[in-house]
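The following paragraphs guide the reader through selected features of the structure shown below. Please keep the sequence and the model in view while reading.

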Amino acid sequence: MATSTPPPPAPPSSDALRWWQRSRVRRGALTALLALCGLVILALVREQTGTEGFLVGLGLAVLPVPLLLGAFRWLDRVAPGPWRNQMFCFAWGACAAALIAIVANSFATRWIATATADPAGADTWGSTVIAPVVEESAKAAAVLLVFLFRRRDFTGLLHGLVLAGVTATGFAFTENILYLGNAFGTDRLTGDSGIASVTAATFFVRIVMSPFAHPLFTVLTGLGFGLAALRGEDRRARRVLFPLSGLLLAMGTHALWNGSSALGEYGFFAVYAAFMVPVFGLLTWLAVWSRHRELATVRAELPIYAAAGWLAPAEPYALGSMRARRLARAHARRHAGKAAARTVAEYQASATELAFLRHRAHRGRAGADFAVRERELLHELWRRRETARPALDHAARTTAPPVPVALPWPPYQPYQPHPALHPHRP
């Protein structure tokens with residue numbers, strides 16, 4: 001007689017957990033910590049820049065934030081992570097990491113100036129050595145926390161890249177308020193205004209030329225965590241080595257950028273053109289390539305579920321195309337409203353996670369809970385199939401490549417040379 005697999009043990013109820021182990025308590029404590037850091041950093045920045053400088057800095061610093069967040073969200077569209085992870089990373093970068101950097105950088109710079117009696121040298125050491133180490137470590141802490149406590153949401157290179165970039169965007173936002181606010185205060189003292197002002201120069205360098213600088217540094221750390229997520233649970237040495245290597249690369253790149261001003265009058269532009277722009281282009285290519293690779297994984301892994309009846313035959317193709325996904329959501333919204341479009345998006349996310357789960361299983365990295373997680377995802381798909389399948393079928397038919405039409409071959413005709421080619425042939 002065949003035996004059925006026993007169901008997995010039920011997770012402990014909230015009543016069985018101690019009060020500090022409950023997820024609501026942990027989320028509340030973390031939210032309170034970030035809010036406290038935000039209030040402290042707000043007071044520190046306002047104290048240094050003044051109220052008018054703070055408001056000017058805030059208005060100018062917020063300009064690149066939607067663009068950067070939109071770019072990272074676009075990269076994460078194949079298998080979008082939860083919004084709460086990205087919100088946490090942005091808040092950590094803007095509040096906690098910025099507070100750690102301001103306090104630690106100021107303390108270390110003052111200590112070096114006192115120990116060496118050389119304030120100018122202390123400032124140089126602070127910007128080229130201390131600041132990269134402190135700031136990149138503080139930003140990396142957010143990615144580390146998601147990696148440790150939201151491991152299910154951290155599945156590859158793109159997740160590490162996106163979380164690190166969002167963290168750095170929050171950090172750069174707060175730092176830009178400080179720099180632009182101080183520049184505005186300097187202009188108030190000197191009476192400068194317009195293009196020749198310090199505020200305009202600071203805005204051009206930090207907002208126009210290099211809004212991606214901090215994300216570029218921290219993305220290297222995120223790629224290290226992404227590589228660690230791709231390793232098996234038994235390869236602990238690599239899971240530690242990859243993030244550390246990424247963090248060291250981020251610190252080195254940050255130090256080179258901060259030290260470019262000491263390389264002469266055109267040192268900044270030389271480093272910008274010869275190093276920052278190529279690295280930015282390389283990382284952009286890597287991110288787009290990873291996105292296409294994820295779509296290829298979806299198309300390769302889902303047909304087995306279509307053969308078993310869990311998915312419709314055309315769904316693997318539709319789920320492996322960003323255009324088809326977008327058309328499916330639009331079709332559901334047009335015919336059944338926003339709730340249906342949200343259901344289709346959830347269906348797409350579950351199917352994508354299922355494909356990644358099976359891909360990790362093929363490479364021996366799925367973990368002991370593979371069967372349990374597979375059943376959970378299949379249940380999520382089955383629960384939403386009535387709404388999602390018509391939309392995905394429409395998208396698959398709309399985006400399917402045209403079928404070539406077989407035209408009849410022309411009748412065979414023997415070769416007849418032109419008379420001009422053989423004038424003497426009878």
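Two residues are said to be in contact when heavy atoms lie within 4.5 Å. Leaving aside neighbours within four places in sequence, P316 is in contact with R299, L302, P303 and A306. The model is predicted, so local features need pLDDT of at least 70 and side-chain atom pairs count only at pLDDT 80 or more, while totals for chains, interfaces and linings use all residues. Residues are numbered from 1 along each chain as its sequence is written, and side-chain values use heavy atoms, with hydrogens and water left out.

P316 belongs to helix α11, residues 315-319 (helices are DSSP runs of H or I with at least four residues, numbered from the N terminus). With a relative accessibility of 6%, P316 counts as buried, a term that means under 20% relative accessible area, whereas exposed means over 50% and partly exposed in between (1.4 Å probe, protein chains only). From C-alpha to C-alpha, P316 and I304 are 9.4 Å apart, and 12 residues separate them in sequence.

Attention now turns to the surface. A nonpolar patch is formed by L144, L148 and F149. L144 lies in helix α4 and is partly exposed, at 36% relative accessible area. R24, R27, R84 and R150 gather in a patch of positive charge. Of these, R150 lies in the loop between α4 (119-149) and α5 (157-190).

Note on methods: Patches are made of residues with over 30% relative accessible area and no salt bridge: like charges are joined within 9 Å, nonpolar side chains (Val, Leu, Ile, Met, Phe, Trp, Tyr) within 5 Å. Accessible areas come from the Shrake-Rupley method with a 1.4 Å probe; for residues, only the protein chains shown count as cover. A salt bridge is a side-chain nitrogen of Lys or Arg within 4 Å of a carboxyl oxygen of Asp or Glu. Lys and Arg count as positive and Asp and Glu as negative; His and the chain ends are not counted. The place of a charge is taken as NZ of Lys, CZ of Arg, CG of Asp or CD of Glu. Helices (H or I, at least four residues) and strands (E, at least two) are DSSP runs, numbered from the N terminus.
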